[in-house]
Structures are given as structure tokens and as C-alpha cells.
Amino acid sequence: MYVLTTAVERVRRRGFLDALRREPVDRAREMFLESLPDDVRRVASPKETEALLIRVRALSSDPRHRAVTGHDVKAAFAIFLLVVTSTLPPSIPFLLIDDVALAMRISNGVALVMLFAVGARLGQYMGRSPWPMAFAMTAIGAVLVAVTILFGG
């Protein structure tokens, strides 16, 4: 899925650049300004945006352009490994314990501990205190576990 979405975005951007080159200057300017994030549009002067548009229109089109690169495949494989390694710890209780109900409760506990750790790391990544995000992720996970148990899981 990662490779597909990356390829679609890359082809979409390439088409946008081709349209900027192909369209008349006034229409290209309008398209270019619409594509800029609001924050950039607010701080960029008309001269700066015009200079950028001229430079973008001057870019040559690469006929050897590939929609999928080796980097995309490597990134997709890394995502696959991340998903597999993140689902392995909650699965281990089912391999080691015969009582399914007990294994499920232990698995839920492991998942909650993992959510706490991921939440704390996410809080740090955001440049904030790790604790609120860690507790929020754990609380969301606990609600999901409770709902699952209520529905017989």
C-alpha cells in the first residue's frame, strides 16, 4: 500500500509540474498559489512566489522518471517489518498459554504497555511532555479493550 500511495503521489506531482509548464503564465500562477500551504502564502511576497514559479516552470521534465523507486520498496519492507514486530509481543501469550481467556488478558496488558511506550515516545517527538500522550494512548487502548471484552472478545 505504501508503494502504491507513494507512486500515485509522485505521478500526481509530476503531472502538476507538467501542467505548470504547459499552462499560460496567469493560470500557472493561480495554480501555483493555490498549491502553496496557507502559512507559506501568508509570508511569501508576490516577488518571491513569482520567482519560485519561474524556477519551477524552468525545470526540465525527466523522461526517465520512475513512479516506483528502490527506496520506496525498501521503505515498504521496513514498514512491513515494523508491523510484524509490533504485533508479535501481544501474540506471544497465545503461543505459551493454553487458557485462551488468560492469554487474551495478558495480550491486552502487553498491548496497553506498548501503547503507553509509543504514546510517551510520540509526546517526546512532538516536543512535549511524554506523560499526557502516554496516558491518552493507554486510555484509548483501555477503552478499546473494554469494548472488545463487552462484545465477547
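Modeller: Arg27 counts as partly exposed, at 35% relative accessibility (buried is under 20% relative accessible area, exposed is over 50%, partly exposed lies in between; 1.4 Å probe, protein chains only). This is a predicted model: local features need pLDDT of at least 70, side-chain atom pairs count only at pLDDT 80 or more, and totals for chains, interfaces and linings use all residues. Residues are numbered from 1 along each chain as its sequence is written, and side-chain values use heavy atoms, with hydrogens and water left out.

Arg27 has a partner. Glu30 forms a salt bridge with Arg27, and their closest N and O atoms are 3.0 Å apart (a side-chain nitrogen of Lys or Arg within 4 Å of a carboxyl oxygen of Asp or Glu). Side chains of opposite charge can pair when their charged atoms come close. Glu30 is also partly exposed, with a relative accessible area of 42%. Both residues sit in helix α2, residues 25–35 (helices are DSSP runs of H or I, at least four residues, numbered from the N terminus). They are three residues apart, about one turn of the helix.

That spacing comes back elsewhere. In helix α1 (residues 2–22), Arg12 and Glu9 are three residues apart, again about one turn. Their side chains meet in a salt bridge at 3.2 Å, N to O. Arg12 is exposed, with a relative accessible area of 56%. Glu9 is partly exposed at 34%. Helix α3 (residues 38–43) holds Arg42 and Asp39, also three residues apart. Arg42 and Asp39 form a salt bridge, with the closest N and O atoms 2.2 Å apart. Both of these residues are exposed.

The structure holds eight salt bridges. Some are joined: Asp26, Arg29 and Glu50 are linked in a network.

Now to the nonpolar side. The largest nonpolar core has eight residues: Ala19, Leu20, Ala28, Met31, Phe32, Leu36, Leu53 and Val56 (a set of buried Ala, Val, Leu, Ile, Met, Phe, Trp, Tyr and Cys residues joined through side-chain atoms within 4.5 Å). Helices α1, α2 and α4 (46–58) each give two or more residues to this core. Helix α2 gives the most, with three residues. In soluble globular proteins, nonpolar side chains tend to be buried together.

Leu36, a core member, touches Arg41 and Thr49, not counting residues up to four places away in sequence (contact means heavy atoms within 4.5 Å). Leu20, also in the core, is 10 residues from Glu30 in sequence and 9.6 Å from Glu30 in space, C-alpha to C-alpha.

Last, the largest pocket. About 210 Å³ of space lies in it (on a 1 Å grid over the protein atoms alone, an open set of points where a 1.4 Å probe fits, with protein on both sides within 12 Å along at least five of seven lines; lining residues have an atom within 4 Å of a point). Its lining is Leu82, Ser86, Thr87, Pro90, Ala111, Met114, Leu115 and Val118. Helices α5 (70–96) and α6 (100–125) are the elements that give two or more residues to this lining. By class, the lining residues are six nonpolar, two polar and no charged.

Methods. Grid points are joined across faces, edges and corners, and a volume is the space filled by probe spheres set on the points. Ala, Val, Leu, Ile, Met, Phe, Trp, Tyr, Cys and Pro count as nonpolar, Asp, Glu, Lys and Arg as charged, and the others, Gly among them, as polar.
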